[in-house]
Amino acid sequence: MTSTALVRTRGAVRPPSESVTAAPAADNPGAIARNVAQPFDAGWIDGIRINPSAAERRVATLRGRRSVKQDAQAGWLLKALTCIDLTTLNGDDTAERVRRLCAKAVMPVRPDVLAALGFADRPLHTGAVCVYHRFVATAVDALAGTGIPVAAVSTGFPAGMVPHGLKLKEIEASVRNGASEIDVVITREHALGGHWQRLYDEMLDFRRAAGAAHVKAILATGELKTLRNVAKASLVCMMAGADFIKTSTGKEGVNATPLVTLVMLRMIRQYEARTGFRVGYKPAGGVSTARLALDYQTLMKEELGRAWLEPNLFRIGASSLLADIERQLEHHVTGRYSAFNRHPIG
Ligand SMILES: O=C[C@H](O)COP(=O)(O)O
């Protein structure tokens, strides 16, 4: 059994010292070994300990520590843009709206702004487009030839209150329609009741049903009551083979926060140290400003290192973040802010 000092401050943390550009990291060519499910390990899970006040202190100093210089900010924001899962998950979504979203994913920033930033010859796109199952085929069609993956929310998103067998069928149907990423919601009751073996079995089934498609396990952290539950659920999902762990559906009362992020990132770090597998992280829900995106990037870099700033290990689930990033990039180039209504998509 491992007793884990999970969220303990470790002294001064180096602020980001290098400019982050939208170019791939040299040590991260894009391909990483996919996580492989580990045997269920009750001792490892039982040994997890959290120090909430230390974690709170750590995130409280985040903005004070961050030192992304003004001219480096554009590079960080372009990088953030390539990590966005550009999302629409509304009851009034239509195929037409999804097609417009896909067009935005292909060209997220005006060419003249990109050119002014020195990216004229390096077109950028978002990390993925994320939709309900109903629109997977539409998005796959709209994104054909672009290399942009389609992510489908699944398993009775957002509450997950449908029978297990139906959840597996929903995953399989989205994969058949061309989704290469599946965002699955966990059964919160398993975590709230400490039924970790049940959560493990559930996630193992989700991962099997997804086949080659990558699985992002949505913990719905705002509903898990304690940071300890968040840490344990993170570990169990990784142990069962999840490729990413994701905070929220965007529909809970509390969605992504720096505090749950810190806890989840420490678990990713611990999981890599124990198994050698790198698992990705996706904050989602309420991440709507460039400033928040920079906060999450800073946490990723400080806690996990440069490799975790790339879209194969970092995504931001967001329906409106892109609009603010565009505004900040335009401001960087022109010195003026445009109105939000000039950015109706993203
Ligand atoms: O997974 C993505 C979230 O549903 C998006 O949440 P948001 O609309 O608050 O950006």
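How many of the five residues of strand β4 (residues 128-132) are buried? Keep that in mind as you look through these views of a predicted model.

**View 1. Strand β4 is mostly covered.** Here's the answer: four of its five residues are buried. For the protein as a whole, 50% of the 346 residues count as buried.

**View 2. Strand β4 pairs with β3.** Look for strand β3 (residues 84-87), which is joined to β4 by three bridges. The two strands run parallel.

**View 3. The ligand sits among 14 residues.** The closest ones are Gly250, Ala284, Gly317, Ala318 and Ser319. What kinds of residues make up this shell? Nine are polar, five are nonpolar and none are charged.

**View 4. Zooming out, the protein has 14 helices and ten strands.** Its radius of gyration is 19 Å, close to the 20 Å that the globule rule gives for 346 residues, so the protein is as compact as a globular protein of that length. The C-alpha trace spans about 55 × 50 × 35 Å along its principal axes. Take the contacts between residues at least 6 apart in sequence: 79% of them join residues at least 24 apart.

How values were computed
Residues are numbered from 1 along each chain as its sequence is written. This is a predicted model: local features need pLDDT of at least 70, side-chain atom pairs count only at pLDDT 80 or more; totals for chains, interfaces and linings use all residues. A residue is near a molecule or strand if its C-beta atom, placed from the backbone, lies within 6 Å of it. Ala, Val, Leu, Ile, Met, Phe, Trp, Tyr, Cys and Pro count as nonpolar, Asp, Glu, Lys and Arg as charged, and the others, Gly among them, as polar. The radius of gyration is taken over C-alpha atoms; the globule rule is 2.2 Å times the number of residues to the power 0.38. A residue is buried if 20 or more other C-beta atoms lie within 10 Å of its own, exposed if 12 or fewer, and partly exposed in between; C-beta atoms are placed from the backbone. Two residues are in contact if their C-beta atoms, placed from the backbone, lie within 7 Å. Two strands pair if DSSP finds at least two bridges between them.
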